[in-house]
Amino acid sequence: PGAPRRRGGLLLALALGGAPRGALAKPRETMATQFFANGVDVFGRPPKCRGCHEIVGNMKQALEPRVAEFKAARERRESRRRSGAVTVSHYGVLEDLVEETIAGACRFGNTYHVPQARKACEKLLEAMEDEIVAAYVAHGKRSQDAAFDPNWEVCYEATRACTKELASHPLSDFTDDMEFESGDASAAYTSEVMPSWSDGDGVLLDTDRRAVRKVVAGSFLQDVILSDEAERLDVLLYLSFPFSNKEFHESAMPAFARLGAVIGGSHDELEHTCGGSDMCREAAAALTGRVILARINVDNNELAPPHGDNIDGPAMAHYPAGSKGMPKFMSNNSLDGRLTVYDLLFFLMHTTATPVVARAAAVMSREARREALYYRAWDDEDRLSGDPLPFEWDWTGTPESDLSGRIEL
């Protein structure tokens, strides 16, 4: 597999009327328009939410400026009335304006020419047109300077088309401005199926989650950046190429899985890593619930720009709590993935924005047993000869459709 393909930007057309106007160029397919087999797009939106975003995105250009003009005219009339002038009231103008514009919400060129987007838009509009109209009319009746968040007010409060998490973000978070260089609108966007709760690598924790959680292209934004859990946690993400760079993967994965197990509270791994050190165990407990480890198989998944930009080989990335827009990357490619638990803790303590995490990682890097901190899987003759690893490595529960991360011992 080569580098992730780039897709074109989502441009909003300013067309009204029955069908898209001929002057509008047919928009290019974008990865944001693609739905995966699991029924969500690259941003984690189900069709209903995607349809609502089509509507409010188009109305931002076609309706909101006209409502603003209506409000301004109303304010001028009110000002003249307060000064004693005789004015004429126009009843029903706002309602007619909103109803007329909303009726054509799915006929904008960039929505109309993408079958999945148009279908999602039309289905929601048919079911909830009255609720959508009411939300925009309510906006029009407010004062001129009143705030209006269409994603929240239309897509959550009025229609429940989107979850709270998806409705809490600005629409700009769901756009894709990368040009699709080939112009091939039929190219499929690659993602594995959405992972279940227990999918991943390493030992099974008491929470029924794996020490290293599985992330796919379709779940990346929610699992790493947008969800309530992701926003408040540090996410240490391994962008793996287990097929195309097997050597790196086999060297890096044991330390990554061990740290995930320790942070996840695995009794056996805590015993092996911390031994009798209470300080080490307390530090590990401080990281539990503040840090999660996850892996995405980039051989099988294409990441959305800008997150997939310049990812042409395996990498360790840290998405700190409170600073998701500025991930930190470990410069380790020259070492072919030869990472120890100490290397990962050092990376974590120097890139986190959370003081508790920095202190806990520092304490663990001092207090953990050397045999665990500096274990070098690539030099382990027993491991290379096929003997078991000196710690539990449980692959049960890995879906047969994704054995790409499996290390053959």
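Mentor: What follows is a walk through the disulfides, one link at a time. The model is a predicted one, and it holds four disulfides. If the bonded cysteines of the chain are numbered in sequence order, they pair as 1-6, 2-5, 3-4 and 7-8.

Consider the link between Cys49 and Cys162, whose sulfur atoms lie 2.0 Å apart. It joins distant parts of the chain, since Cys49 sits in helix H1 (residues 47-62) and Cys162 in the loop between helix H6 (150-158) and helix H7 (164-167), a separation of 113 residues. The angle about the S-S bond is 95 degrees, and the link of Cys49 and Cys162 is right-handed. Cys49 is buried because its relative accessibility is 0%, and Cys162 is likewise buried, at 3%.

Helix H1 also carries Cys52, which is bonded to Cys155 in helix H6, 103 residues apart. The sulfur atoms of Cys52 and Cys155 are 2.1 Å apart, and with -95 degrees about the S-S bond their link is left-handed. Both partners are buried, Cys52 with a relative accessible area of 0% and Cys155 also at 0%.

The link of Cys106 and Cys121, with sulfur atoms 2.0 Å apart, is left-handed too, at -85 degrees about the S-S bond. Cys106 lies in the loop between helix H3 (93-103) and helix H4 (109-112), whereas Cys121 belongs to helix H5 (residues 115-141), so this pair ties together parts that are 15 residues apart in sequence. Cys106 is buried at a relative accessible area of 4%, and Cys121 is buried at 0%.

Terms used
Residues numbered from 1 in each chain as written. Predicted model: local features only at pLDDT ≥ 70, side-chain atom pairs only at ≥ 80, totals over all residues. Heavy atoms only, no water. Disulfide = S-S within 2.5 Å. Helix = DSSP H or I, 4+ residues; strand = E, 2+ residues; numbered from the N terminus. Buried < 20%, exposed > 50% of the residue type's maximum accessible area, 1.4 Å probe, protein only.
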